[in-house]
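Hello,

Here is the structure I promised to pass on. Please open it first, then read my notes below.

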Amino acid sequence: MQPADRPLITPEKPRKHVFVSLPTESAMQLEGSETEDYPQPYTLKDADALHYLRQVLRLKPGSKLLLRDRTTPLQLLATLVEYQPRQATLLLEARGLARGMQQGPKVLLGMALIKEQRWDWLLQKATELGVFAVVPLQTEHSVVAVHDPQRKQQRWQAVVEAAAAQSENSFCPRVDWPQTLSHWLKVASVSAGDRRFILQERASSHLSLRQALRANDAVETPLSPGQTPPETICLLVGPEGGWHRDELALAQAHGFESVSLGESILRSETAALAALAAIRYEWPSGGSPPL
């Protein structure tokens with residue numbers, strides 16, 4: 001018997017992480033004090049997870065894996081028993097809640113669309129750096145048009161799932177449907193205490209991102225040791241052609257502060273990853289900035 005909220009023991013040997021859509025009732029049971037007997041059989045029918053097991057990881061019967069729910073902290077330690085057509089039999093050995101679902105501020109990345117190969121690479125690396133959500137933005141100077149947004153969004157979500165599993169992240173980011181900047185600013189849920197930044201190239205008259213991250217809200221005073229970081233950071237990164245002046249004005253009207261990464265002109269994906277890395281450096285584990 002095992003308590004429902006007990007964390008899984010870290011294995012001596014690495015296990016492969018696989019994100020799946022687990023039954024809702026399984027996640028709900030974790031909120032109570034119920035216990036379950038293990039081991040127990042489980043039939044995996046998730047098509048994406050099956051493809052990942054068979055074609056990507058090429059796991060053989062007897063392999064250990066960690067099933068991770070796509071939307072909850074539920075995780076299940078399992079052994080692959082056998083494959084069947086369109087399903088696989090697993091033996092569940094333990095269950096628990098993932099620890100450290102999100103460390104530091106939640107980072108919402110509003111990212112102007114770039115060419116597909118570089119976009120996929122960006123999604124992978126942003127996932128490794130702990131981004132909370134990515135919003136693909138169609139901007140005035142974007143050179144990429146999305147003709148089948150539903151199919152694209154599904155493929156992008158699969159990219160971040162694979163990256164989260166490969167890097168053994170305890171959280172899988174969400175990739176939204178592509179949308180315009182004006183639409184996202186209207187519907188984005190951002191509270192008053194959150195920080196909002198828009199990257200500008202050669203913005204010498206503005207704070208650097210590092211200075212802005214260490215400033216206490218609108219007052220340019222450093223965060224003191226132990227001071228709580230913002231719950232959410234919204235970061236806007238434009239296309240290689242830069243932001244249109246109307247987009248800059250719109251973002252600033254919604255509380256976004258213009259910040260710079262220095263004098264160098266960076267590619268869009270480079271700028272986004274540099275900014276995410278800077279944020280992760282400031283709050284690697286949800287604490288105060290390093291001294």
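Arg58 sits in the loop between helix 2 (47-56) and strand 5 (64-69). Helices (H or I, at least four residues) and strands (E, at least two) are DSSP runs, numbered from the N terminus.

A word on the source. This is a predicted model: local features need pLDDT of at least 70, side-chain atom pairs count only at pLDDT 80 or more, and totals for chains, interfaces and linings use all residues. Residues are numbered from 1 along each chain as its sequence is written, and side-chain values use heavy atoms, with hydrogens and water left out.

Now the backbone. Most residues other than glycine have a negative phi. Arg58 has a positive phi, near 55°. Its relative accessible area is 59%, so Arg58 is exposed (over 50%; buried is under 20%, partly exposed in between, with a 1.4 Å probe and protein chains only). Arg86 also has a positive phi, about 65°. Arg86 lies in the loop between strand 6 (74-84) and strand 7 (87-97). Arg86 is exposed at 77% relative accessibility.

Next, the aromatic rings. Rings of Phe, Tyr and Trp (its six-membered ring) pair if their centres lie within 6.5 Å; planes under 30 degrees apart are stacked, over 60 edge-to-face, and the rest tilted. The count is two pairs.

- Trp119 and Trp156 are tilted, 5.4 Å centre to centre, with 55° between the planes. Trp119 is in helix 3 (residues 116-128) and Trp156 in helix 4 (residues 149-166), so the pair ties together parts 37 residues apart in sequence. Both Trp119 and Trp156 are buried.
- Trp184 and Phe256 are tilted, 6.5 Å centre to centre, with 50° between the planes. Both Trp184 and Phe256 are buried.

Best wishes
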